[in-house]
Structures are given as C-alpha cells and as structure tokens.
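Subject: Structure handover

Hello,

Here is the structure for your work, followed by notes on what was found in it. Please read the notes with the coordinates open.

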Amino acid sequence: MNEDPDLLINDQWIVSMRGNKNTVDPQRPYGWLVEKERTISGKIEDTGIIFLTNRECPFHCLMCDLWKNTTDESVAVGSIPKQIEWALEQMPDVKHLKLYNSGSFFDSRAIPEDDYKGIASLLKDFETIIVESHPRMINKKCLNFRDMLKPELNIALGLETVHPDILRKLNKQMTVDDFRNSVSFLTKHNIRSRAFILLRPPMLSESEGIRWAERSIDFAFDAGVECCTIIPVRAGNGAMDFLMEKGDFNPPDIHSLEKILEYGIGLRAGRVFADVWDLALFSNCKKCIDQRTDRLIEMNLSQKIAAVVDCECNK
Ligand code: SF4
Ligand SMILES: [Zn+2]
C-alpha cells in the first residue's frame, strides 16, 4: 500500500476499505426521530427527521459512513413518497421536517424528479422542510421543487472545512468557491441554507481542528448561510479507522466541541448547533459526560453560552 496519503485517498481506496452495508427496505425509511430545534424565529419546536432509503451517494467522501444504509440501485418511482407517508403515520405532529437521504436530495438517481409532486403534496401541512445536498448538486431542480412546496424549503450543504488541502483530501470533489456559489444561488432565489462543518477532520491536531472549524464557520456565514451545524468527526467507515490506526486521525475532544459552539454562538451571525449524537465517543471522563452533553443541548436550544461544567478534566 502506498504510504503517501495524497495518493492513497481516492474513490477506489475509500470504497475498498468499507465493510458491508446494512440490509434496507426501499419501501421504508431506515429511521426517523423527533428532536427539539431552535427555529429561526427563536422558538424551540419539535422537528422530525426521516432518514430516507435510496441509492448511494455518487460521491465518496473520506469521512462519510452514510453509504451503510443505502441501496446500490435507484429506488422505484413512488417509493420515496411511500416512505415519507409511512414515517408521518408513525410520527407525532411536528411543524418542521428534515428529509435526509444519505446524499443529495437533488440527485435524480436518489430521489426521482417524478416524485417531487407526490412528496410536496405529503408535506403541505408543514412550516419548514429541510433537505440536504452536495453543493455541486444545487441547480434549477431546487427551484422546481421549492415551487411545488407549500412550506418553506431550507437546504443543508456540507462545507466540511475550508482548509484547502484537507478539503481536497476529504475527496468531497468540491472547492470552497463551489460552496460559495451554491449558497449565493440559493440566497438569490430566497432559499435559506445551512452548513455542515467538521470538527477535527483527519490530518489535523486538536488545536488546528478548532482553528479550522472556526474559520469554516466564519466562511459559511460570510457566504450567506443562516445556520451552521458542527459535526465532531468519528471513525467507523473503514477508511477513517485505517487513518486512526496510522495516527493520521484522532477524534476531537468534547471540550473542543464546547469551545467551537461557544465561538459560533458568540459571532451572533446566525444559529449554530453542535451535533450531540453519541458524545461519549469524544470524552475520556465519565464523571462529566452527561453534564457536558446537557450543556451542549442547552446551548443549541438557547443560543447562549451556558455555565461551564466544573470537573477535574478541565485543562
Ligand atoms: S456528499 Fe455527503 S453523503 Fe455523499 S459521500 Fe460526501 S458526505 Fe457522504
Ligand atoms: Zn470531566
């Protein structure tokens, strides 16, 4: 195997490091949940998330594990509306809904355009619909879908990092200019966007991870997004586990996530959220992990800096 990570990290290598996919049913979403989110108007409201089952994303980003719950081939026309209908029957009433499809909503091989109308009619009673997309898949299709929707459409885009070298190594097949252009296109057409930003991608030290997450938040707001979500990077997709073993990746520390959330909220440039899923992965201190998780949730909801957790693990 080549020792130079520059040559190592490409589609072929990333895919070769994967384990098996999970078994999924094209007639059912692979998950759904309801979580509280602070809305743009400052209210804390329940937001549903449906994790749609569909064809795997054509990109192969180094840190991504979303391929695990995807199909190899496109799902049939009608399957996505069926999945949404089924999930909405299970879910309590909510005003806001995220449709996350492990890729790009505007990838026609994932979500057939022939389904847009059927999807839109199922969503007519919501206030906000949030979908995700690779920035390079932002085009007129977004406007077509938006024009069919009664609720407001928001689009979440992966910026990941503005570190030019690391962004290239992430194999995202995107530049920061692509991101800026996509946000500008959406803003011009009155569609709000939000950014996913990674905390400590591979090949960065803890302090570099913090610094580049801060710069990425600055860039995203400057480009015109309304909201940023910070995702602490984890292993688990094969490629990342390999880099971790080699010493080229270490998961960030929960203290850094707190710092970044404080920084983002302090900018007062828009909403900033920390991803709080499975935070035990990012802490070595059993004593305060629950309090730190609560603190991050509190800051997500209040968009204010909460009291610091007092623990001997504070450096
Ligand atoms: S574009 Fe998103 S879903 Fe596709 S591989 Fe990259 S991170 Fe994963
Ligand atoms: Zn502690």
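How many nonpolar, polar and charged residues make up the shell around ligand 1? By class, there are five nonpolar, five polar and one charged. The residues surrounding ligand 1 are C57, F59, H60, C61, C64, L66, S102, G103, H134, G158 and K172. Keep in mind throughout that the model is predicted.

The sheet

Eight strands form an open sheet with mixed pairing, in the order β1-β2-β3-β4-β5-β6-β7-β8. The edge positions are taken by β1 (31-38) and β8 (271-274); each has a single partner strand, so one side of each has no neighbour in the sheet. On average, and ignoring direction, neighbouring strands are turned by 25° against each other.

Within this sheet, β4 (residues 128-133) is largely enclosed by the rest of the structure, because six of its six residues are buried. T128, I130 and E132 point one way from β4, while I129, V131 and S133 point the other way, and all are buried. Note that the buried set includes E132. Strand β3 (residues 96-100) pairs with β4 in the parallel sense over four bridges. L99 has V131 as its bridge partner in β4.

Another parallel pair is formed by β6 (residues 192-199) and β7 (residues 227-232), over six bridges. Here I197 has I230 of β7 as its bridge partner. Helix α7 (residues 176-188) packs on the sheet, where it touches β5 (152-160) and β6. The direction of α7 makes about 170° with that of β5.

In helix α9 (residues 239-246), the buried residues are A239, M240 and L243. Seen down the axis of α9, they fall within an arc of 95°, so they line one face of the helix. In general, an α-helix has 3.6 residues a turn, so residues three or four places apart point the same way. The cover over the buried residues of α9 includes α2 (11-16). Just after α9 comes G247, with a positive phi of about 90°.

I265 lies in helix α10 (residues 254-267). I265 counts as buried because 21 other C-beta atoms lie within 10 Å, the cut-off being 20 or more. Leaving aside neighbours within four places in sequence, I265 is in contact with V272, M299, Q303, K304 and I305. Of these contacts, I305 is 40 residues from I265 along the chain, and their C-alpha atoms are separated by 7.4 Å.

Backbone points to check

Which residues other than glycine have a positive phi? Among them are Q173, with phi near 60°, and M203, with phi near 70°. Q173 is found in the loop between α6 (164-169) and α7. M203 has its place in the loop between β6 and α8 (206-223). Are these two buried or partly exposed? Q173 is partly exposed, with 16 other C-beta atoms within 10 Å. M203 is also partly exposed, with 18 C-beta neighbours inside 10 Å.

Regards

Terms used:
Residues numbered from 1 in each chain as written. Chains lettered and ligands numbered in written order. Predicted model: local features only at pLDDT ≥ 70, side-chain atom pairs only at ≥ 80, totals over all residues. Buried ≥ 20, exposed ≤ 12 C-beta atoms within 10 Å, placed from the backbone. Helix = DSSP H or I, 4+ residues; strand = E, 2+ residues; numbered from the N terminus. Arc of directions from axis to C-beta. Contact = placed C-beta atoms within 7 Å. Pairing = 2+ DSSP bridges. Axes fitted to C-alpha atoms, helices over the stretch in contact; angles between N-to-C directions. Near = placed C-beta within 6 Å. Nonpolar A, V, L, I, M, F, W, Y, C, P; charged D, E, K, R; others polar.
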